[in-house]
Amino acid sequence: MALIWATLVVFFVVYALYELLNNIQNRKRYPPGPKGLPIIGHLHLLGKNPHHDFQKLAKTHGPLMYVTLGLTQRRSSSRHMIFASRPHNEAAQYLAYGQKNMITAKYGPYWRNMRKFCTQHLLSNQKINSFESMRSLSSSHLSTKISSLSADWTCLMVFGKKYMDEDLDKRGFKALVNEVEHLAATPNLGDFFPFLGVIDLQGLTRRLKDLSKVFDEFLEKIIDEHVQSRDQKQSKDFVDTMLDIMQSGEAEFQFDRSHIKAILFDMLIAAMGTSPSAIEWILTELLRHPHVMKKLQKELEEVVGLERMVKESDLEKLKYLDMVVKEGLRLRAVAPLAPHEAMEDCVVNSFHIHKGSRIIINIYAIHRDPNIWPEPEKFLPERFVGSNIDIRGRDFQLLPFGSGRRGCPAMQLAIVLVDLIVAQLVHCFDWELPNGMQPCELDVEEHFGLATSRANPLMAIPTYRQKKQCLNLRRYNMELAEIVGLNLIRYVQ
Ligand code: HEM
């Protein structure tokens, strides 16, 4: 009997040692991270500006960090083809017909084909150039009903015609797009605890359903109009081309009316939120730094003069403008967090990442990393003098448009829009702050959303500075200023 017990004890000891050794050998090294709470993980560490919170945590835990949010896991990380997918997104279930849009689509044939299609038929350099006349001439008689130039240009490019606020809803484009951006970025318990999505404790699902109904009716109307007018049209626009694909049945992926609506929705939201926010942030920094504004005006005077408007063809000669815009997009990242999903188990910087993990690239933190950018919190366009760092996703220290497969497909269009509108506003007007406010008093509080905008509207007083005062030009500029969301409190007569 004693022998049996001794054998069993030896067996268990050997087995335990074997298991221990095995575990040590196979132990996966996960990225470091803060201590989390049961069930909610690190959800309680995130406030109204999660990009700031992630940045603070990374100062303690390093650039590749592991946090768990509810029942899902997130890592702040570098990028790779394996991370080319997007995680589950509760808001897009309602607004984008079950993530059938491009922005939140999972990596796969549908996303690949739609991206290729949108790039070819809407966002290629050739297409963007073909809309140049629309961006200048038609602006002189912009409808005052749509208070957004971006909306106007987007409607023209994507839908083939302009739409008025009331075509969407009495609340108007800007208000509804703001609401979408806010809801899409609000931490939704359904994203982290899938079973809670159904209960809708935060009341978000009800608001999402309400919004999706308004947008759905608008997009249905656009498609119907295109179906009815197809035979009379000489040239096809973006919607017509998508209808052709749907009706031909030749798409290599499932493609019906809901897919068309999801893509149109993407373009509308992406275009209306991002570029106006970027412009508003750059103007904020110019108002906070009058010497930069003066230097930019001087460049514009030298290159363009004061006898005519800035044109798209002038942009490549405006080197200081390029630095101002780069620095503005660095300091005030409009899309501060890029959400991705790991498609396979992988190892990054010797840390193990599980398949299915959410990967969040904190563009905001990269842009303010003191190891890369001296005095990162300062607005210093001159930091780009003699530097060939660009914003097109090639240089990983400056990624306002992301990079790689999921990088912004509309980057070229966005750069033209932002450059042109900033140049025109600074060229046509001198700007001052209201009520004797000093430049350093102008706040930079952020409102986190799909596009992170100013929390408080920008108030500024423009004074007309061009020599030849042509009426159309004057009206155009006033509209431009309203369009980018500035609440102009006084126009100079
Ligand atoms: C200043 C303006 C803009 C900025 C800063 C910006 C930035 C970004 C960023 C950071 C991403 C995510 C990249 C990633 O996940 O790695 C993105 C994706 C995207 N953007 Fe933009 N964007 C701008 C303008 C636009 C415009 C005007 C449009 C449409 C007309 C647009 C359409 C899209 C789409 C469809 C995606 C998703 C691409 C995909 O997932 O495959 N963006 N953008």
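Let's start where two helices touch: Val-292, Lys-295, Leu-296 and Glu-299 in helix 15 meet Lys-319, Tyr-320, Leu-321 and Val-324 in helix 16. Contact here means heavy atoms within 4.5 Å. By class, this contact has five nonpolar, no polar and three charged residues. Ala, Val, Leu, Ile, Met, Phe, Trp, Tyr, Cys and Pro count as nonpolar, Asp, Glu, Lys and Arg as charged, and the others, Gly among them, as polar.

A quick word on the source: this is a predicted model, where local features need pLDDT of at least 70, side-chain atom pairs count only at pLDDT 80 or more, and totals for chains, interfaces and linings use all residues. Residues are numbered from 1 along each chain as its sequence is written, and side-chain values use heavy atoms, leaving out hydrogens and water.

Now for the ligand. There are 25 residues around it, and Arg-86, Trp-111, Arg-115, Arg-406 and Cys-408 come nearest; a residue is near if one of its heavy atoms lies within 4 Å. Sorted by class, the shell has 16 nonpolar, five polar and four charged residues. Helix 4 (109–123), helix 14 (257–288) and strand 3 (337–341) each supply at least two residues of that shell, and helix 14 gives the largest share, six residues.

Here are some distances from a side-chain N or O atom to an oxygen atom of the ligand:

| Residue | Distance to a ligand oxygen atom |
|---|---|
| Arg-86 | 2.8 Å |
| Trp-111 | 2.8 Å |
| Arg-115 | 2.9 Å |

Terms used:
Helix = DSSP H or I, 4+ residues; strand = E, 2+ residues; numbered from the N terminus. Polar contact = N/O pair within 3.5 Å; in protein donor to acceptor, adjacent residues only side chain to side chain.
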